[in-house]
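Subject: Structure for your review

Dear colleague,

Please find below the structure that I am handing over to you. I should be grateful if you would read the notes that follow it with the model open.

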Amino acid sequence: MAGTKLPVVQTAGLCKTFKDFWRRPRIAAVKDLNMEIHAGEVFGLLGPNGSGKTTTIKMLLGLLYPTHGRISLFGKPPTDVSVKSRIGFLPEESYLYRFLTARETLDFFGRLFRLPQKIRVERTARLLDMVGLSHEADRPVGEFSKGMARRIGLAQALINDPEFLILDEPTSGLDPIGARQIKDVIRRLGQKGKTILLSSHVLSDVEDVCDNVTILYGGQEQAVGSIDDLLCQQDVTQMTMPTVSDETIREVKDLILRLENKNADVTHPRHKLEDFFLQIVSQAQSADVKTSGARAGGEVPDFLKTATATEMVDLVGSLVAAGSAPEVPVTAMAPPKTKDLVDPVRGVLDELLGKEPVEADEAEEASASTETDISVASSKPPVSADSNVIDALLQGEHKKSDDTTSSESNP
Amino acid sequence: MMQVWTIARQMIAEGIRMKIALVFFVLIAAIVFGLPFSVTGDSSLTGAVQSFMSYSLMATGLLLGVLTIFMSRSLSDEFVHHQMFLVVTKPVSRWQIIVGKWLGMSLLNATFLLFAGASMYGMVHYIKWTHPPQDGILDEQELNNEVLVARHARECNVPDFPALAEAEFQRDLEQGKYEQQPYFDPNLQRKNLINKYDARWRVIGPYETREFLFDNILCDRSADKEIQVRYKADISGYAQDEIFRAVWRVGDPDKGAKAYELHVRHVIDRFHTMRVPANAVADDHTLKVTLVNVNPFEGEMQKGNVLHIRKSDGMQVLFIVGSFEWNLVRLLSMMMCKLMFLGAVGLLMATVFSFPVACLTSFTVYMMAGMRSFLEEALDFMTDREFSMFSSINEFAIHSVAYMYNMVQWVIPSFSRYDAVEDFVNGRNVSLVWVLSAMGELVVIKTVIILGLAIFFFYRREVAEVSV
């Protein structure tokens, strides 16, 4: 991804020390940070409170000046005004003018980007629709709830169709719909090739959307890499399948114990509360229950869409559609990877147990409560759990393999 | 420019929607529309109009000054409440933010000032229309000729008193008159001599004559136009409100001007305006006015008295050079210059300090600018003696304050130098030159310097600065 192109963000030996009233150095908020974010990356900045995430972002934006070190954005210093027209910024709180209406707020920021009136009006309407606040467009932002203000904050960050989007705690203060919506927007923008820097305490947010992350602690970089590299548990193997009988489970566990001398845990996976919540809200919306707050967001505006993402749909509607439709279970929202692994494993197990194979479509219709997770802890090197392994298990042989197929899941 | 205008619009919207400006607008409206019903002056029509205009203009200037300072705190508010995070991360330069805010404040002030001026103009005509007649047509004539006009005032030429005083001083010195004086101060002696010559010249004894010469009377000298001679006199030995009688001759026939003789009965210690046809002005635009201290009215008793023409508010010749309306516009322009300067000061303070400190320092500058003449006089008086650093702590402190004051006075203007309200109320011309000089000093030079400083500090400042 980096190629030979100039990184969007590059820091070298970046330090920031906060001083006291007498200008004596007191707290080193960022120490020797070297970071590169390349075009098209969705980059996560993680760390506990006081780890220097927000300070780093503020330095990138020219809101703070580095004590030492160098920052370049698109090859220029962050104080360069021309760079700012390529950046969108959502701060950790929505610092909006209380006396401006939602529409005026977006118009104001659009003017600062020198957008022509026609484009401003159009984008304002589309963004308000996207964040679900079209019906509150002429209400002063000061009267908004925190979540609604946050949505306007997101809209203002997108008004210039930025190449580089900086989001500081983007889901803070948002209801699950808003949080999911923002994550979806981030994903879509990432697909379009936008560069995104995301700072969040909500680790699942970062995990869901980021390609690469840097973990900060004490103002220093502690870990850096891709999400997959960092999160893959090489010493645990997980299989997911539709519910099987207790007898089958017992046999599989015995088999694992016999061949591998390891105990396997068997549980039923749970719905994510987020999914369940979205389903309930969708039902309320279908019943046309009135609300003064944000409504389900509309489509992501065209000007933010990719050429390949024209199929972008009503976000919350699509998110909850599967859950609200009786014939499609919530598990339909599970990542494709999970769905893919069901078929071969189930086929093998059916074969093992002398049952008729189940069609893949039927498996998708099964609810989460009919699925079973099997996890095996191991201190050995990574183990593939594909059909070959199952065959080997059944044949009493253990065949090691480094292959990773669709039937393997590493939590 | 679009960004500057955007920031300016936002500033205006803030002023109106946050109700700060609205409160001041209501106050100004209440004063302008309420004063005519509560202020009557000396109960004459002229007095009522003058009092109304004086109070309403002073109150408007003061309120808009306070409003400007409150409005400028918007910048420090945006630092505190972090809206500035969103603005400076947009493609807008910091100088554009400062200039935009200043422009927004100035436009709001200009609008309010226009409203106040227009309302005042309307209310002047309302007073004229509703005021109970006293001297009937004469009262209205006085108002039209002496207040609702723009008159240029010329002071009379006075002899070269410093030269006369210096000559006498040197003569006395040569004669050794001062050798016997134990506390002889040559400068003080010179000052006393000048005052003596000036006082003598202003005193006109019984049956004495005094000529007052005016030049540069650049008026229309047609017979149907008029000039006005204005003066105030005291009489030694008489109680106040006594009347004195005298003869005034206006015009110099030797220079081809028409001469007019006026026999007057005037109350002492009051301003009197004598209206004379403008053809009393000579071809060379000079005017001779002669006061003869005799009683021209037969049968009316008058003791031999001594007239004294005052130095301040003394003899003046006034002639109409413009309309009341344009005079009002020029006055408002002058007031606007002060507000523009004050707005720049407020923004400078807001870039450096947070809300209460910024407002307090801006008020201090406002007060210093307003009272600069007084402060200068006070400091001059206190530091008049030769300075010795160790003479006393008190003296040292006074000189230190004077020294600091001298350091800042180059950038803090004297508002009283550009205070045209009194002249306007008295129907004096607020000259374009005066307005331009106010604009030059207050706006072109000092506002630009102050805004430059504000921009400099803003660029230096970390918007998200944290002090731990």
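Predicted model: local features only at pLDDT ≥ 70, side-chain atom pairs only at ≥ 80, totals over all residues.

Three strands of chain A form an open sheet in the order S2-S1-S4, and their pairing is antiparallel. From one strand to the next, the twist averages 25 degrees. Five bridges join strand S1 (residues 9–19) of chain A to S4(A) in the antiparallel sense. Opposite A:Thr11 one finds A:Ile71, which belongs to S4(A).

Helix H4 of chain A

Helix H4 (residues 117–130) of chain A has 14 residues and should span 20 Å at 1.5 Å a residue; its end C-alpha atoms lie 20 Å apart, in agreement with that expectation. The buried residues in H4(A) are A:Arg120, A:Arg123, A:Thr124, A:Leu127, A:Leu128 and A:Met130. Viewed down the axis of H4(A), these buried residues fall within an arc of 150 degrees, so they line one face of the helix. An α-helix has 3.6 residues a turn, so residues three or four places apart point the same way. The cover over the buried residues of H4(A) includes helices H3 (102–112), H5 (146–158) and H6 (176–192) of chain A, and also helix H1 (2–17) of chain B. Just after H4(A) comes A:Gly132, with a positive phi of about 75 degrees.

Chain B as a whole

Chain B contains 14 helices and 10 strands. It has 468 residues, of which 49% count as buried. When contacts in chain B between residues at least 6 apart in sequence are considered, 81% join residues at least 24 apart. The chain exposes about 22,900 Å², with carbon and sulfur atoms supplying 61% of that area.

Two loop residues with positive phi

Most residues other than glycine have a negative phi. A:Asn261 has a positive phi, near 60 degrees, and is found in the loop between helix H9 (246–260) and strand S11 (264–267) of chain A. This asparagine is exposed, with a relative accessible area of 65%. In chain B, B:His285 also has a positive phi near 60 degrees. B:His285 lies in the loop between strands S7 (271–277) and S8 (287–292) of chain B, and is partly exposed at a relative accessible area of 27%.

Yours sincerely

Key: Residues numbered from 1 in each chain as written. Chains lettered and ligands numbered in written order. Heavy atoms only, no water. Pairing = 2+ DSSP bridges. Helix = DSSP H or I, 4+ residues; strand = E, 2+ residues; numbered from the N terminus. Axes fitted to C-alpha atoms, helices over the stretch in contact; angles between N-to-C directions. Buried < 20%, exposed > 50% of the residue type's maximum accessible area, 1.4 Å probe, protein only. Contact = heavy atoms within 4.5 Å. Areas by Shrake-Rupley, 256 points an atom, 1.4 Å probe, with all protein chains shown as cover. Expected span 1.5 Å × (residues − 1). Arc of directions from axis to C-beta.
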